[in-house]
Amino acid sequence: MPTIIPFPTRYSAFALCVVGLAACIALVLVSPHLWLAWVGVAVFAVLSGTGVHDLRQARHAILRNYPVIGHLRFLLEFIRPEMRQYFIESDSEAAPFSRAQRSLVYQRAKGEPDNRPFGTQLDVTIAGYEWINHSMQPTKLENHDFRIVIGGTPHTADTNPPPSGAAGASHHPCTQPYSASVFNISAMSFGALSANAILALNQGARLGGFAHDTGEGSISQHHRVHGGDLIWEIGSGYFGCRNEDGTFNAERFSANARDPQVKMIEIKLSQGAKPGHGGVLPAPKVTPEIAAARGVPIGIDCVSPSSHSAFTTPIEMMHFIARLRELSGGKPTGFKFCLGHPWEWFAIVKAMQATGITPDFIVVDGAEGGTGAAPVEFSDHVGAPLQEGLLLVHNTLIGVNLRHRIKLGCAGKVITAFDVARMMALGADWCNAARGFMMALGCIQAQSCHTGHCPTGVTTQDPVRQQALVVPTKAERVRNFHRSTLHALQELVQAAGLDHPQQITAHHIVRRISDTEVRLLSNLVMQVQPGALLGPLDKQHNVFRTYWPLASAESFQPLTQGPHGLVSNLPLAA
C-alpha cells in the first residue's frame, strides 16, 4: 500500500494562491472580456510568484516554511510599535516617555488646558511615589520667569582659596555673566535635528527668553536666523573651531565665541545616552550645510573622537577652560559630562583646588538621556543615572567649599515642573530638556530618529519631510511649553511657601518606601557638610573614603592599583 504524505498546512496559503491563479486563468479563457478575471490573474500571479521566491530564498526561514503568508508576520512586526502605542500601552507606561507625559507636553505646547479631572492616575501607595510638601502659608509670586546668574561669581569670599602662586580663575575671570532661565533647551545638533527643527527651537527660545544649546555639531546658519540665546557646545571633534586634522583652533573658536548671540561655552566631555563612545557621521550625510557648520570637508566621514585632544590631564583641562573663557571675551565657560569613574570626577575637583581655576558651570547629564542613535548596551548599562551623578557632583563641591563658585545644570528625562523641582532639590540650579522640546515641536516618539524617516520632520534631513514642520507655528509651541512648565513650577513654589525654586531642598520632597513608611528625601540621599572633604574622611560616605584618596589632579587614572585593578572596588552607592 503506497505511503500517503499529507500536504503540510503551512503551504496552504501558497497553494490557495496557485489554485486562485489557475481558476482566474480558466475564467479568462472562457470569458476574455471579464476584467475581474484579469485582475485576479494579476493578483494571484504576483502572490504565486512571491511564494516561489519565498521557497527558493535562503535569508528567512519563516518564508521558506510559510511562503506568502509568512510576510504577514513581518508586516505585523513592522507596525507593532504604532499598534502598541495607540491601542495597548497604558497612560503611565514609560517607553521611554509615557503617554501621560507626552500628552502633557502636547497640551502645554498647544496652549490647551492641562488640568486633570477625577484625581490622580498614579498609585500613591506604591514604593517610589514622591510628592512635595505644601505650606499652610503659601506665597504669592508676581511671575514665573525664574532666572539665575551664571558666571561672574566673586572669588573674594572663598573659604578655600587657591594655593599661593596658582594660576587661578582670577587671571581669566568671567566678565559677561549670563542671566539664564531655570529651564532651557538641551544639546541637540543640526544634523541630528532638521533645519526646520533648529529654526523653530531657536525662535521659540528667543520668544520665551531662554537658552538653546547647539549640541556638538556647532553653530549652523539656522541657529543664527532668529537670534535666540545660544550655549555653544564644544565636543571632542571641535566642530566650528578645528584645524584640518581635527585639533582645536583658537582663532576660529574666538571668532564664533565672541558672537553676541553666544552666551555661554560648554565643553562636552560625555553625554548620558552614550558616555565614553565617540561617533561618526557617515560621508553621505555630510551635506554642504553640515560641513559649513562643523568646518569639515563635504562628503567625507565626520568623526567625533571618544576623548579630547586639547587636554589629557585634569590640570590641563582646567587651563583649557580658562583659555576658552579668555578667548570668548570672558563668557561663562563650563563643561558637561555623565558621571563615570568617581575618581575621575574627584581628580577634576582636585585640579580646581590645585590651579584655583573653576568652571563657571557644570551640566550633569544622566544615563537616562536620549540621542539620535546609540548602542543598546550604552543606552541601557553605561553611565550613572542623573540622580546619582548630580548628588555626587553637588556634594563634592560642597565638601571642598567650591559650590558657591559653580552653577549646576542637569539633564535627563526632565518633562514636568515637578521634575524640575525634584532636580533642584537634589542640587541643580537649572534644568535642560531635549526630548521634551522635541515633543513640543511635534515629535510622536516614533523612535525612528536614526533612519532619516522621522514622520514629523524633527530628526530628518529629507527636505520633503521637513516641510511638515512649520517653523512659526512650532516656535510658538516651544515657547508655550516653556512658559506653561514654568507657570506650573511657580504654582509648586508658591504651594511650598517659597519665593524661588532654588529654595527647594531635599527636605521638601517625600518618598514612599513601603506600604507603611515614607521618608523625606533628605534622609535618603547623600548630604555632605561644607568643607568636610578638606579634613579626615573617616566619617564620610564610602564613595569619598574609597575613591577620593585615589584621585590626582595630574591624571585621570587612579593612584592605587593592584594586579586585578583597584585594591578597593566598592560600588558608587555603597
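In the predicted model, E216 is buried, with a relative accessible area of 15%. Its side chain forms a salt bridge with K268, the closest N and O atoms being 2.6 Å apart. The two partners come from distant parts of the chain, 52 residues apart: E216 lies in the loop between β5 (212–213) and α7 (221–224), and K268 belongs to strand β7 (residues 262–268). K268 also counts as buried, at 11% relative accessibility, because the limit for this class is under 20%.

The count of salt bridges comes to 13. Among them is the pair E476 and R479, with an N to O distance of 2.6 Å. These residues are three apart in helix α17 (residues 471–495), so about one helical turn separates them. Both ends are partly exposed, E476 at 29% and R479 at 21% relative accessible area. D462 and R465 meet in a salt bridge at 3.9 Å, N to O; D462 is partly exposed at 29%, as is R465 at 31%. E130, R422 and R511 are linked in a network of salt bridges.

Strand β11 (residues 361–365) is largely enclosed by the rest of the structure, since five of its five residues are buried. In a regular strand, side chains alternate between the two faces of the sheet. In β11, F361, V363 and D365 point one way and I362 and V364 the other. Strand β10 (residues 333–337) pairs with β11 in the parallel sense over four bridges, with K336 opposite V363. Together with helix α11 (residues 342–355), β10 and β11 make a right-handed β-α-β unit. β11 also pairs in the parallel sense with strand β12 (residues 407–411), over five bridges, and D365 stands opposite A411 in β12.

Technical notes: Residues numbered from 1 in each chain as written. Predicted model: local features only at pLDDT ≥ 70, side-chain atom pairs only at ≥ 80, totals over all residues. Heavy atoms only, no water. Buried < 20%, exposed > 50% of the residue type's maximum accessible area, 1.4 Å probe, protein only. Helix = DSSP H or I, 4+ residues; strand = E, 2+ residues; numbered from the N terminus. Pairing = 2+ DSSP bridges. Right-handed = clockwise from strand over helix to strand, strands pointing away. Salt bridge = Lys/Arg side-chain N within 4 Å of Asp/Glu carboxyl O.
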